[in-house]
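Work through the exercises below with the structure at hand. Each task is followed by a solution in steps.

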Amino acid sequence: MLTTGKAILDVANEHSFAVPAFNISDWAMFRGIVDISEEKNAPLIVGIHPDEVRHIGREMITGIVERAHNASVPIAIHWDHGATYEQMLQAIQYGFTSVMIDGSLKPFDENLAISKKVTDSAHALGLSVEAELGTIGANDSYAEAGAAEIIYTDPDDAVTFVEATGVDSLAVAIGTFHGFYPAHLLPELKLDLLKEIKSRVRIPLVLHGGSNNPDDEISEAARIGINKINISTDIKVAYHNKMREVLGNDPKVREPNAIQPACVEAMKVVAAHKIDLFGATGKGALY
Ligand SMILES: [Zn+2]
C-alpha cells in the first residue's frame with residue numbers, strides 16, 4: 001500500500017531496523033525493486049532524484065503511485081535531494097508522499113529556515129520531510145551534490161535543528177560518500193557519533209552514500225539508529241554490468257523483454273542483500 005515516509009520510518013525506528021530507499025528512474029528496475037520487496041516482505045521507499053524525475057516524466061510517477069497502491073508491502077514515494085520550495089510543490093502535485101529538502105550546503109540558519117518552511121507546508125498536506133545536516137562527501141561526477149570532504153554532523157546543531165524545523169527524519173554525515181569512493185579513501189563510519197546524535201534527537205536518521213562501507217558497519221548502523229539507507233550506485237551497477245554481458249557484441253540482441261529480465265535478476269540479488277543487511281526482511285508484517 002502507498003504510505004508516507006513517516007509512517008514507514010517511525011515503525012523502523014521503534015523496531016531498530018533500516019528501510020532501503022532505492023533510487024529509481026527506469027520502469028523495469030522499478031518493477032524489480034517492488035517484486036523483491038514483496039518477496040522479502042520488506043517495506044520500501046522509492047527514491048526519485050529531480051534529475052530522475054526529469055528523465056522519467058510525470059506519467060511514470062502516476063504509474064509508480066498506482067503500483068504502490070497495489071503492493072503487498074508499504075511503499076513511500078520520496079523526492080530525493082529536493083533543492084527548493086518550488087520542487088516540493090511539484091512533488092506534492094505529482095503524488096509523492098515524502099520529500100527531502102537538502103539545504104546541507106547552505107549556512108546553518110538558511111538550512112534551518114528552508115527546512116522549516118518546507119516542513120510546515122508538507123505537513124499541512126500530509127507529506128513527510130527529510131532534511132540533511134552536515135555534508136556527505138561526493139567525489140563521483142554522477143553522484144549527487146556534496147562536499148569534497150565530509151563535514152560531520154554536530155550533535156548540538158542536530159538537536160536545535162530538529163526542534164526548530166519539526167522534520168520527520170534527518171540525514172546525517174557520519175562517514176559516507178555519495179557514489180564510488182576516492183581511491184585513497186578508506187571509508188569508516190563514526191558509530192559513536194551516530195549513537196550520540198540518536199540519543200539526543202530520537203527521530204529516524206538517514207544514511208546517504210555508503211556503497212563502499214563494509215557490510216558489518218552498515219548493519220550495525222541500522223541496528224543503533226539509522227532507519228533509512230539510500231541505495232543508488234549499487235543497484236545500478238549490478239543492473240548495467242549484467243546488461244553489458246547480455247548485449248555482448250551481438251547486434252541481433254535487441255528486444256527489451258529479452259535483455260532486461262537477466263539485468264533485473266542481477267539487481268534483485270544486490271537489493272535482497274541490502275534488505276537483509278538492514279534488518280528489513282519480514283518487517284512488512286509490522287505494518
Ligand atoms: Zn543522497
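**Exercise 1.** Find which residues of α2 meet which residues of α10 in this predicted model, and describe the crossing of α2 and α10.

Solution.
- Step 1. On the α2 side, the residues in contact are Ala28, Met29 and Ile33. Their partners in α10 are Ile235, Lys236 and Tyr239.
- Step 2. Sorted by class, the contact of α2 with α10 has five nonpolar residues, no polar ones and one charged.
- Step 3. Helix α2 covers residues 27–39 and helix α10 covers residues 233–247. Their axes come within 12 Å and cross at roughly 115°.
- Step 4. The crossing of α2 and α10 is right-handed.

**Exercise 2.** Decide whether α8 and α9 are roughly parallel or roughly antiparallel to each other, and list the residues that meet.

Solution.
- Step 1. The packing angle of α8 and α9 is about 15°, and their axes lie 10 Å apart.
- Step 2. Angles under 35 degrees count as roughly parallel, and α8 and α9 are therefore roughly parallel to each other.
- Step 3. The crossing of α8 and α9 is right-handed.
- Step 4. From α8, Leu191, Leu194, Lys195 and Lys198 take part; from α9, Glu217, Glu220, Ala221 and Ile224 do. This contact of α8 with α9 divides into four nonpolar, no polar and four charged residues.

**Exercise 3.** Name the buried residues of α9 and state what covers them.

Solution.
- Step 1. Helix α9 spans residues 215–224, and its buried residues are Glu217, Ile218, Ala221, Ala222 and Ile224.
- Step 2. The cover over these buried residues includes α8 (191–201), β9 (205–207), β10 (226–231) and α11 (256–277).
- Step 3. Just after α9 comes Gly225, with a positive phi of about 155°.

**Exercise 4.** Is Lys268 buried or exposed, and what does Lys268 touch?

Solution.
- Step 1. Lys268 belongs to helix α11.
- Step 2. The relative accessible area of Lys268 is 8%. Buried means under 20%, so Lys268 is buried.
- Step 3. Leaving aside residues up to four places away in sequence, Lys268 touches Gly32, Asp35, Ile36 and Glu39.

**Exercise 5.** Locate His81 and find which side chain makes a polar contact with the side chain of His81.

Solution.
- Step 1. His81 sits in strand β3, residues 75–82.
- Step 2. With a relative accessible area of 8%, His81 is buried.
- Step 3. The polar contact runs from the side chain of His81 to the side chain of His208, at 3.0 Å.

Methods. Residues are numbered from 1 along each chain as its sequence is written. This is a predicted model: local features need pLDDT of at least 70, side-chain atom pairs count only at pLDDT 80 or more; totals for chains, interfaces and linings use all residues. Side-chain values use heavy atoms; hydrogens and water are left out. Helices (H or I, at least four residues) and strands (E, at least two) are DSSP runs, numbered from the N terminus. Buried means under 20% relative accessible area, exposed over 50%, partly exposed in between (1.4 Å probe, protein chains only). A polar contact is a pair of N or O atoms within 3.5 Å; within protein, one must be able to donate a hydrogen and the other to accept it, and residues adjacent in sequence count only if both atoms are side-chain atoms. Contact means heavy atoms within 4.5 Å. Axes are lines fitted to C-alpha atoms, for helices over the stretch in contact, and angles run from 0 to 180 degrees between N-to-C directions. Angles under 35 degrees count as roughly parallel, over 145 as roughly antiparallel, 65 to 115 as roughly perpendicular and the rest as oblique. A crossing is left-handed if the near helix is turned anticlockwise from the far one by less than a right angle, and right-handed if clockwise. Ala, Val, Leu, Ile, Met, Phe, Trp, Tyr, Cys and Pro count as nonpolar, Asp, Glu, Lys and Arg as charged, and the others, Gly among them, as polar.
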